[in-house]
Amino acid sequence: MPSQTYPQLNNKPVAKKVRNIYKERIKQFLSEGPYKLFNLPAVLDDARISDEEYVRLEVYSVPDLKRPHFKEAIKGTFRPARKGESFGPSWSTHWFRIHVRVPRKAVWLDNKQLEFHWDNHNEGLVYNTEGLPLQGLTGDDERPVWPIPNEWKNGEWHTFYIEASCNGMFGNGDRDQIQPPDPNRWFVLSYADLVAPCHDARALYLDFGIIADAAIQLDQDSWESNVALKVCNDVMNVFDPEDKSTLKKCREFTKSYLGDAIDSPEVYESGQKTFVYAIGHCHIDTAWLWPYAETRRKTARSWASQLALIRQYPEHRFACSQAQQYKWLKEEYPDLFEEIKKEVKNGKFNFIGGSWVENDTNMPSGEALVRQMLLGQRFFESNFGERSVTYWLPDTFGYSPQVPQVCRGAGMSRFLTQKLSWNNINNFPNSTFNWVALDGSQVLCHMPPADTYTSRVEFSEVSNSLRNHKNLEQDQTGLLVFGIGDGGGGPTAPMLEKLRRYRGLSDTVGLLPRVKMGHTADEYFDHLEKSTSEGKDLVTWVGELYFELHRGTYTTQSDIKKGNRESEVLLHDIEYLSTLASLYSSHFKYPKERIDELWEIVCLNQFHDVLPGSAIEMVYDDARELYAEVAKKGAKLVKEAAEALGLSEEPTTNSEIIAVNTLPWPRQEILAVPSSAVADGKSLSQKLADNSQSQYVVMESAGSGLSKPIQGFKATAESAATVIESKPGVFVLENKKLKVTIEGGVITSLWDKEEDREVLTKGGKANQFVIFDDKPLYFQAWDTEVYSLDQRRYLSGAKVHIGETGPLRASVIVELKISDNSWLKSTISVDACIPPSSSVKGGEPITTLSYVDITTEVEWRENHKFLKVEFPVDVHSDVASYETQFGLIKRPTHFNTSWDVAKFEVCCHKWADLSEVTYGVTIMNDSKYGFATHGNIQRLSLLRSPKAPDGHADMGHHVMKYAILPHKGTVNSEIIRAAYNYNYPVRTYFGPKKTIQSTEDILSSVSIDDSTNIILSNIKRGEDDEDTSLGDLPVKSGKSVYLRVYDSMGGRTKATISTTLPVKKVCWSNLLEDEKEELEFETVKINKKNVTKIPICLRAFEVSTVKIQLA
């Protein structure tokens, strides 16, 4: 029946809303623009005061850019301060003592939560008078509010402190251009106000913002968008800034769209299916646009803020990684650390990640990746009673193909990142998938579909958490990682309020994916495993997660990369020598605490903005000091262990020169020793060309242990290294295997005498230095772009002369002017081919490969130039091989697809190789990581010259080594060993003749037999042995030795570990040194010694750990 009340006449026309006009109108309501006094911002505060009757400020400006802690700072001399005053310069610290008194008026006393508003446009930390950090403060309206205690309404004066750091959240540069920091930046104190907020207005502000986003961003033809637009206009029509009672009516309108439960965590209890799991996070770059020292304070500021929010919002769960930052907090803010431990126990503050820092995974060695996990997991377990199960690297610049295997060995089966969403050529095709390592190990990987790890909880980010998901056929959920990040901070109260409103909107209206709070990141991964049949339903990605951006990070800050490589090698040698010394010398105690200290430094500098070269100059000043500390302390540790083994760095009576080979295979090296050490003339030697008091000798070892000079052998014309100037400007280096022709400063011919073939292409020039223009689109230190390959300049005009003249080493020196400010000197040399002595014949063969060794010295003062060196070789293959952690990876040499083009610059470790089935060429290096193989041109990246964020990156003097190694066949274990030898020099000592044999026996206690493919990469003592434990975790009885072994070539391999150590028990261990299955072994007599044989079998590219429990 028709309605009886429907009017017959209509004299009041009603227009259809002109959508675009009304949509523009709603933007005014929250605006600070010309209508501010008539819109919502006008009523956000009920009262605000800052005069000295209620707020008094004092300041202590700390001299000399020091960063004193609370107890020291409050002893400083404070003076009166005021709003409007400027504080600086950059990186200085100012401690404010603030006294407040709440007015005895109803507008203040009746307010449910008063606030103190502070904006010094920098970073600050609130302390109580006892020195407990309460909350961080960030300028420019990021986090300007501190809720003051309700007890302060008693009319008395109350005091608190703010430590203000003169840097913004992103340091002191121009963040938009990521420029070097301004050293003289000053910060104005704009707000220091006591505020009585209008809570209804604040709530309406949040409501309106969400509904306005719905009106603008939802499908414009949907009823949900049209209703949202109507609600916004209804609110604006009712709102009266002169009548705050209209706020309640306005909220009735907003709750009709958002629901009634949005003011409490009960909004999440609707029971409806959720699609977006929101987890609070605070990504703090351990160093980037600020130094390490500032990160220590950023950690306290950020985490104190999260503790406050956890207590205010029951649904809030906060995830934070990086054990190093937890350790800093424990050392410098112990009371705050104890508060965090309570919330960890309550399940609200979630440690995650498992690693020491959020490290780069491209350049650290395999053992360094292991130590990231070992240090991190042990810290978490010793302090919180548990380990992490999720590796958390949201911001790292690409991911090694062995990361999944290392994760599994460290007890982590989940992995989170999102950086590949930044790819600048191809879109990565997956969001949730199984990532598979070289050996077949897998982790469940999730890349948050919102494509950010620092979500501000914008409407689009919630929507994209489902819309951008690329694997919805397997699972229909995504993780939203929210909170201010990079510079720290984390979630804010408005973010948590917005999330409640998003959930209310989803339950009431729909269209927006339903958000869930109150869970941890680990619980989200639990859900993924359950919903995908333990991951069996997920797609797979095998091999590296190559990041198609930031390719310049393999090269930038050359000296830092060299410090990393040298430190990794040094720590290998320290552990090898210290392990054996601790077992054979009763006077030597394994220096675990000191070794851990050095590993912590090396792992710290492997943070993903330090080792890659993308931080400011201050960071690299710190990093160089830290590497110098590692070198100094490491040298002392090596010396102590060597002395415990009867070795001395200086000659003594009846001593002879020897060298320690810390690698587990025979080797022969030519090295310089003091002339006095070979004065008897028995050893084959050669005086250095620089007339120094040193001579080259040939040192040889039958395995790991001592190397001795070869005696009783004279270089023949065939075996010697020679050099001649065959005609003016043409120089020929030659040994038994190679003939190298140098003309015009480049190698124009490299003849392999054994294989009777030219190594270089016809007309090719090797060791050809090339300067490329290097002007990336945006990120200077990070990026080099594919178009840089189109702008190159080959260096020419070299001065060439003979250096060493043989018979052990012959060399030619090439000098080149790069520009008016830069030059280089490249020494090209070959060594004699000395046959192994009789002492090692019949045992495992010594690597006898011959290579062209090149040492290049560069004075580099360029601007946006990239120095590389080329090797055009007569080898054809569509793939090249590159060493990576615990194995090798093959990449295309062509540009067939956009995925191939994207890999125009890649990462390698100690070597890169281009091989056909019958022949190949390996380029070895001692400290470089950037490489490219385009067709048959192998190109090693040497130096860059970006000007931001470090204006002096790579400027200065550099020395680098690399070598051209031609070889028969494809990559093989002999090449792997040669590259190890190239990076792990033997260490020269003097030893008493009567004890040398016993020292040799000790140093050769462990070896790998029956396979050259399996590498024994590290030897160390157990973390928790009764004589090594630091007491942080339960002590294990007895003494143990751990051996890290891996298959280097990519095939299931059997081998035998042989050891003269007294063995009680042998078992597999994971990387955290938890015992796994026992291994069988037998002990036999060999040359009157008890030798234990331990058979092992590794799958292709498997890395494993063998624990030997000693009798």
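# Notebook: a walk through a predicted model

I looked up Glu115 and His117 to begin with: their side chains are joined by a polar contact of 2.8 Å. I count a polar contact when a pair of N or O atoms lies within 3.5 Å; within protein, one must be able to donate a hydrogen and the other to accept it, and residues adjacent in sequence count only if both atoms are side-chain atoms.

Some notes on the source. This is a predicted model, where local features need pLDDT of at least 70 and side-chain atom pairs count only at pLDDT 80 or more, while totals for chains, interfaces and linings use all residues. Residues are numbered from 1 along each chain as its sequence is written, and side-chain values use heavy atoms, with hydrogens and water left out.

**Glu115**

I found Glu115 in strand β6 (residues 115-119). Helices (H or I, at least four residues) and strands (E, at least two) are DSSP runs, numbered from the N terminus. Glu115 has a relative accessible area of 11%, so I put it down as buried. My cut-offs are under 20% relative accessible area for buried, over 50% for exposed, and partly exposed in between (1.4 Å probe, protein chains only). The side chain of Glu115 also makes a polar contact of 3.3 Å with the side chain of Arg202. Setting aside neighbours within four places in sequence, I listed what Glu115 is in contact with, including Trp146, Pro147, Asp193 and Arg202. Contact here means heavy atoms within 4.5 Å.

**Ser365**

Is Ser365 buried or exposed? Its relative accessibility is 17%, so Ser365 counts as buried. I located Ser365 in the loop between β15 (349-351) and α10 (366-384). A polar atom of the Ser365 side chain lies 3.1 Å from the backbone nitrogen of Ala368. Beyond neighbours within four places in sequence, Ser365 is in contact with Glu568, Gln885 and His909.

**Tyr787 and its patch**

Next I checked the surface. Leu777, Tyr778, Val786 and Tyr787 form a nonpolar patch there, with about 360 Å² of accessible area together. Tyr787 belongs to the loop between β33 (768-773) and β34 (792-794), and at 32% relative accessibility Tyr787 counts as partly exposed.

**Two cis peptide bonds**

I noted a cis peptide bond joining Gly806 and Pro807, with omega about 10°. Pro807 is in the loop between β35 (799-805) and β36 (809-817). Another cis peptide bond joins Ala948 and Pro949, with omega about 5°. Pro949 sits in the loop between β46 (937-943) and β47 (956-968).

**Positive phi**

Asp64 isn't a glycine, but its phi is positive, near 60°. I traced Asp64 to the loop between β2 (55-61) and α2 (70-73), and its relative accessible area of 65% makes Asp64 exposed. Asp1010 isn't a glycine either, and its phi is positive at about 75°. Asp1010 lies in the loop between β49 (1006-1009) and β50 (1014-1021), and at 63% relative accessibility Asp1010 counts as exposed.

**A hairpin**

Which strands form a hairpin with 5 residues between them? I wrote down β53 and β54, with Glu1073 in the turn showing a positive phi of about 70°. Strand β53 (residues 1063-1069) and strand β54 (residues 1075-1078) run antiparallel and are joined by 2 bridges; two strands pair if DSSP finds at least two bridges between them. Ser1069 has Glu1075 as its bridge partner in β54.

Terms used. Patch = residues over 30% accessible without salt bridge, like charges linked within 9 Å, V, L, I, M, F, W, Y side chains within 5 Å. Areas by Shrake-Rupley, 256 points an atom, 1.4 Å probe, with all protein chains shown as cover. Salt bridge = Lys/Arg side-chain N within 4 Å of Asp/Glu carboxyl O.
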